[in-house]
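Trainee: Could you walk me through this model feature by feature, giving the general idea before the particular case?

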Amino acid sequence: MRKPLVAGNWKMNLDRRTAVDLLTHLKSLLHDLNDEVDVVVCPPSVYLDLASLEIKLSNIKMGAQNVAATTNQAATGEVSAEMLREFGCEYVIIGHSERRAMLGETDKQIAAKFAIARDAGITPIICVGEEGGDGLAVVSSQLRAVVDKLGMQAFENAVIAYEPVWAIGTGKSASPSQVQEMHEHIRELVTTDVRIVYGGSVKPENAEEIFAQHDVDGGLIGGASLKAQDFSDICHAAMSVAGR
Ligand code: PEP
């Protein structure tokens, strides 16, 4: 039985005050969150300390948006997996399409981050997805880099986020059947019972139908994670599907 996960990717949004407001509001909206769903917030790294204090003793877990691809300390501007761990991060987003596009992150670097996160006891949420064209070919080669480095067992206890680039931040989600089809293919590829979440314009209105698909284990949420009520509704959609 795979436990659904809903993770909020705040990207480079909010400031100290609005981050605290959002978490305060979320804690009260999610007070009834049961153990059937993992809910994670991923603030910018400079707010991890603040966020970890805010969510202490709550049922919300914390994740980071990136981790250094090296353990070498001569890495100006980078944040190590150990540092993330120290601030209470249980998850880290790796290989988000915005970083692949803006910073030229390669599959090889992403595989290195994946390994480093795992070694530090942090669950990687690896993002894969096509900009257009043959989605399965793109996703397969993105995942292959991790398999080449770490073997298939690397995905045990990891999370794969299928995020078609054309659906991110556009308001135009993939349809539930498109999502199911790709997730089923990914599951066949990686062969383990890995959690596969969907990301790309998930909102309260479409969350339940997407999460109800057989191979969908929750979502990675961008824009809608910045609004407490929307994020809470999405988490409750995951909870209601898990309870069936
Ligand atoms: C994301 O950035 O990972 C994402 C899924 O964004 P949005 O929900 O805004 O499409």
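Mentor: Let us begin with a polar contact, which is a pair of N or O atoms within 3.5 Å, where within protein one atom must be able to donate a hydrogen and the other to accept it, and residues adjacent in sequence count only if both atoms are side-chain atoms. Here the side chain of glutamate 105 makes such a polar contact with the side chain of arginine 99, at 2.7 Å, and the side chain of glutamate 105 also makes one with the side chain of lysine 113, again given as 2.7 Å. Please keep in mind that this is a predicted model, in which local features need pLDDT of at least 70 and side-chain atom pairs count only at pLDDT 80 or more, while totals for chains, interfaces and linings use all residues. Residues are numbered from 1 along each chain as its sequence is written, and side-chain values use heavy atoms, with hydrogens and water left out.

Trainee: Where does glutamate 105 lie, and is glutamate 105 buried or exposed?

Mentor: Helices (H or I, at least four residues) and strands (E, at least two) are DSSP runs numbered from the N terminus, and glutamate 105 lies in the loop between helix 4 (97-103) and helix 5. Buried means under 20% relative accessible area, exposed means over 50%, and partly exposed is in between, with a 1.4 Å probe and protein chains only; glutamate 105, with a relative accessible area of 10%, is buried. If contact is taken as heavy atoms within 4.5 Å, then glutamate 105 touches Asn66, Gly95, Arg99, Arg100, Ile110 and Lys113, leaving aside residues up to four places away in sequence.

Trainee: How are the strands arranged, and how many strands form the barrel?

Mentor: Two strands pair if DSSP finds at least two bridges between them, and in this model 8 strands form a closed barrel in the order 1-2-3-4-5-6-7-8, with parallel pairing. From one strand to the next the twist averages 25°, where axes are lines fitted to C-alpha atoms, for helices over the stretch in contact, and angles run from 0 to 180 degrees between N-to-C directions. As an example, strand 2 and strand 3 run parallel and are joined by 3 bridges, with isoleucine 60 of strand 3 as the bridge partner of valine 39. Strand 3 (residues 60-64) is also joined by 3 bridges to strand 4 (residues 89-94), again in parallel, and the partner of alanine 64 in strand 4 is valine 92.

Trainee: Which strands do helix 7 and helix 9 lie across?

Mentor: Helix 7 (residues 176-190) lies across strand 6 and strand 7, running at about 150° to strand 7, whereas helix 9 (residues 228-242) lies across strand 1 (5-9), strand 2 (38-42) and strand 8 (218-221), at about 160° to strand 1.

Trainee: How should I read aromatic pairs, and how many does the structure hold?

Mentor: A pair of aromatic rings is described by the distance of the centres and the angle of the planes. Rings of Phe, Tyr and Trp (its six-membered ring) pair if their centres lie within 6.5 Å, and planes under 30 degrees apart count as stacked, over 60 as edge-to-face and the rest as tilted. The structure holds 2 aromatic pairs, and one of them is the edge-to-face pair of phenylalanine 114 and phenylalanine 155, at 5.8 Å centre to centre with 70° between the planes. Phenylalanine 114 lies in helix 5 (residues 107-119) and phenylalanine 155 in the loop between helix 6 (135-150) and strand 6 (159-162), so this pair ties together parts that are 41 residues apart in sequence. The rings of tyrosine 162 and tyrosine 198 have centres 6.3 Å apart and planes at 55°, so that pair is tilted.

Trainee: Finally, which residues come nearest to the ligand?

Mentor: A residue is near a molecule or strand if one of its heavy atoms lies within 4 Å of it, and of the 14 residues around the ligand, Lys11, Glu163, Gly169, Ser201 and Gly223 come nearest. An oxygen atom of the ligand is 2.6 Å from an N or O atom in the side chain of lysine 11, and a ligand oxygen atom is 2.7 Å from a polar backbone atom of serine 201.
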